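Please look over the sequence and the structure before reading on.

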Amino acid sequence: DARPGLLGLSLGRLRQGDETEIDRHLSVGLLDLLLWPWRSAAADRRIDVAEQKQALAVLQHAQSVRQQWIVAVAAQARVRYLGDQLAAADLTAELARRLHGTGQYSAAQRDARVSAALEARLSQTVAAQQARREREALIRLIGLRGEEAQALRLPDALPGVPAQPRWTPATIESAARQGRLDLKLAESRWRAARGQARSDIARSLVDIELGVERNSVSDSPTQRGATLDIRLMSIDLGAARREAVRQEEQAALAEWEQRAADAESQLRDAWADHEATLATAREVSSMLMAVRQQLLEERLKQYNGMLISPLDLLDEARAHAGSVMTALDALRDYWLADAAIQAAVEGTEPTSSPGRAPDTATASTPAAAH
């Protein structure tokens, strides 16, 4: 409370025989007036704490929306590519049935292809359900309703890995030094507790009131004067209150120090995840996809030369689609790691851990088709 203190007014009327005595006493807390600057500064710091707490909550919500958007877009992309796998698996199963009907395929070979098609259909169904749930979770975070929710359109895929990532150890350290709201909040709490402690310790020792008094008794001259009331704390002389104040200040300081240590650890962890997922995403996009594309083209040449059957070509197409699934997961994990660095810089908490994001579905492995 930053107010200078309440005025105290005391009125009294006493009768003794024909005499009437009227007492008037006006007082104000002198100690409150003397401590007013400290209490006002402490109140300003508490207001600053409340504002920073609200700003941190807004940033935390924005971080949740950012990460949920990444997961929702990745889930939608998986559904599309799993649909390609399902189409290839259905075509393979149909060819297997026809080859079995002409006696070129055994029942076991036919059943293996049919089973692979059923697994692909199950994976695509699970992925579609997961994509719907992720989309609805994003809609709830954004706060859309009715037609706005129906009108939400997500991109077909996440952006590719940038050639030059925006984060380096130097940029992370600089941004965190300026933008970690949780550290600023912890520091403001400590400063508010320290400012409040000054006045609380003084008030735990003594309380002083300054007043003016005006008394009149019937026809006698009016009495006027000033009063000074001093109240000392009894029992422990305010020791318990002073100890509580010191404990609160020490707790606020310990929270600030712990928050600083946590920030350093979060930044190191986020940077390590970013580097690992970046290397994986680049390797998958530059090597795995290139090798799979080369294999698919080679298989197509063999098919045109009548060296392999249509089923072998479809199997290679399914394996290529499986590599696309791996690339999508790697890209999703990279952008989640990028969002985690943003969270570490802002002082918020990532809602999911990079590299451990919930998979929307497990793609059928290429081995199942052979």
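Is Ile47 buried, partly exposed or exposed? With a relative accessible area of 48%, Ile47 counts as partly exposed, because that value falls between the 20% and 50% cut-offs. The model is a predicted one. The chain has 370 residues, of which 37% are buried, and it contains eight helices and four strands.

**Overall make-up**

- Along the sequence, the order of elements is β-β-α-α-α-α-α-α-β-β-α-α.
- Of the contacts in the chain with a separation of 6 or more, 79% are between residues 24 or more positions apart.
- The chain has an accessible surface of about 21,100 Å², and carbon and sulfur atoms account for 56% of that surface.

**Helix H2**

- Helix H2 covers residues 36–101.
- The end C-alpha atoms of H2 lie 97 Å apart, which agrees with the 98 Å that its 66 residues should span at 1.5 Å a residue.
- Gly103 follows H2 and has a positive phi, near 85°.
- Ile47 belongs to H2. Its C-alpha atom is 9.6 Å from that of Ser188, although Ile47 and Ser188 are 141 residues apart in sequence.
- Ala87 is also in H2.

**Helix H3**

- Helix H3 takes in residues 107–142, 36 residues in total.
- From first to last C-alpha, H3 reaches 53 Å, close to the 52 Å expected at 1.5 Å a residue.

**Largest pocket**

- The largest pocket holds about 230 Å³ of space.
- Its lining is made up of Glu173, Ala176, Arg177, Arg180, Leu183, Lys184, Glu187, Trp256, Ala260, Ala263, Glu264 and Leu267.
- Two or more of these lining residues come from each of helix H5 (169–179), helix H6 (181–205) and helix H7 (239–304).
- H7 supplies the largest share of this lining, with five residues.
- By class, the lining of the largest pocket has six nonpolar and six charged residues, and no polar ones.

**Second largest pocket**

- The volume of the second largest pocket is about 200 Å³.
- It is lined by 14 residues. Those nearest its centre are Leu158, Gly160, Ala327, Leu328 and Leu331.
- H2, H7 and helix H8 (310–346) are the elements that each give two or more residues to the lining of the second largest pocket.
- H8 contributes the most to this lining, with five residues.
- The lining of the second largest pocket divides into 11 nonpolar, two polar and one charged residues.

Technical notes: Residues numbered from 1 in each chain as written. Predicted model: local features only at pLDDT ≥ 70, side-chain atom pairs only at ≥ 80, totals over all residues. Heavy atoms only, no water. 1 Å grid on protein atoms, 1.4 Å probe; cavity = no way out; pocket = protein on both sides within 12 Å on 5 of 7 lines; lining within 4 Å. Points joined across faces, edges and corners; volume = space filled by probe spheres on them. Nonpolar A, V, L, I, M, F, W, Y, C, P; charged D, E, K, R; others polar. Expected span 1.5 Å × (residues − 1). Buried < 20%, exposed > 50% of the residue type's maximum accessible area, 1.4 Å probe, protein only. Contact = heavy atoms within 4.5 Å. Areas by Shrake-Rupley, 256 points an atom, 1.4 Å probe, with all protein chains shown as cover.
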